[in-house]
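Subject: Structure handover

Hello,

Here is the structure I promised to pass on. Please open it beside this email and follow along.

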Amino acid sequence: MAKTTTTRKRTTTSTLKAVPKPAPEAEVAAVTNTDTGSDATTEDNVMRKRDLIDRVVEQSGVKKKDAKPAIEAALAILGEALSNEEQLNLPPLGKVMVNRKKELDNGEVLVVKLRRSKQAVEATHAPLEEGDD
């Protein structure tokens with residue numbers, strides 16, 4: 001018995017059917033966040049350092065010139081601790097653990113795990129309480 005073979009016709013770009021491009025998505029409308037009063041789009045929901053400083057000033061009542069150096073120092077310390085793969089336990093933020101770290105030419109990539117308790121999540125919606133100094 002002879003072996004039969006079949007040939008496949010090669011597909012070229014001229015034989016492909018044109019697929020219509022999807023319609024462009026409508027622009028995302030700006031949404032005003034009622035908690036912060038800032039305008040943010042749903043695609044760009046990023047808190048920058050200046051946003052953090054503004055929120056801390058608003059909630060704590062501290063002057064901006066006093067809050068900015070403290071916040072910058074705290075961010076530097078947190079960044080250094082994460083680079084050293086230290087585990088952070090910072091209520092109400094939660095417990096932060098570095099799962100993986102990759103060194104790059106221009107920096108590093110950290111994959112972290114953040115675990116928060118239900119009380120911590122609920123506490124983020126409550127205003128700051130005045131504490132004794």
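Start with a pair of charged side chains. Lys 101 and Glu 103 meet in a salt bridge, with 3.5 Å from N to O. Keep in mind that this is a predicted model.

Lys 101 has another partner. It also forms a salt bridge with Glu 108, and the closest N and O atoms there are 3.5 Å apart. Together, Lys 101, Glu 103 and Glu 108 are linked in a network of salt bridges. Why can such side chains pair at all? Side chains of opposite charge can do so when their charged atoms come close.

Are these three buried or exposed? Lys 101 is partly exposed, at 30% relative accessibility. Glu 108 is partly exposed too, at 31%. Glu 103 has a relative accessible area of 53%, so it counts as exposed, the cut-off being over 50%.

How many salt bridges does the structure hold? It holds four. One of them joins the side chains of Lys 64 and Asp 54, at 3.3 Å from N to O. Lys 64 lies in helix 2 and Asp 54 in helix 1, so this pair ties together parts that are 10 residues apart in sequence. Lys 64 is partly exposed, with 47% relative accessibility. Asp 54 is partly exposed as well, at 36%.

Stay with helix 1 for a moment. It covers residues 49–60, which is 12 residues. At 1.5 Å a residue, helix 1 should span 16 Å. Its end C-alpha atoms are 16 Å apart, so the two values agree. Just after helix 1 comes Gly 61, which takes a positive phi of about 80°.

Now the strands. Strand 4 (residues 94–104) pairs with strand 5 (residues 107–115) in the antiparallel sense, over nine bridges. Within this pairing, Lys 102 has Val 109 of strand 5 as its bridge partner. The two strands form a hairpin with two residues between them.

Strand 4 has a further partner. Strand 3 (residues 88–90) pairs with strand 4, again in the antiparallel sense, over three bridges. Asn 89 has its bridge partner in strand 4, namely Lys 95. Strand 3 and strand 4 also form a hairpin, with three residues between them.

Which loop holds Gln 87? It sits between helix 2 (64–83) and strand 3. Gln 87 is partly exposed, at 49% relative accessibility. Leaving out residues up to four places away in sequence, Gln 87 touches Lys 95, Val 96 and Met 97. Its C-alpha is 6.9 Å from that of Val 98, although 11 residues separate them in sequence.

Next, look at Leu 90 in strand 3. This residue is partly exposed, with a relative accessible area of 32%. Leu 90, Leu 93 and Leu 114 form a nonpolar patch on the surface. Their accessible area together is about 240 Å².

Last, step back to the protein chain as a whole. It has three helices and five strands. From the N terminus on, they run β-β-α-α-β-β-β-α. How much of the chain is buried? Of its 133 residues, 8% count as buried. The accessible surface comes to about 12500 Å², and 51% of that belongs to carbon and sulfur atoms. Take the contacts between residues at least 6 apart in sequence: 10% of these join residues at least 24 apart.

Best wishes

Definitions and conventions. Residues are numbered from 1 along each chain as its sequence is written. This is a predicted model: local features need pLDDT of at least 70, side-chain atom pairs count only at pLDDT 80 or more; totals for chains, interfaces and linings use all residues. Side-chain values use heavy atoms; hydrogens and water are left out. Helices (H or I, at least four residues) and strands (E, at least two) are DSSP runs, numbered from the N terminus. Buried means under 20% relative accessible area, exposed over 50%, partly exposed in between (1.4 Å probe, protein chains only). Contact means heavy atoms within 4.5 Å. Accessible areas come from the Shrake-Rupley method with a 1.4 Å probe; for residues, only the protein chains shown count as cover. Two strands pair if DSSP finds at least two bridges between them. Patches are made of residues with over 30% relative accessible area and no salt bridge: like charges are joined within 9 Å, nonpolar side chains (Val, Leu, Ile, Met, Phe, Trp, Tyr) within 5 Å. The expected span of a helix is 1.5 Å times one less than its number of residues.
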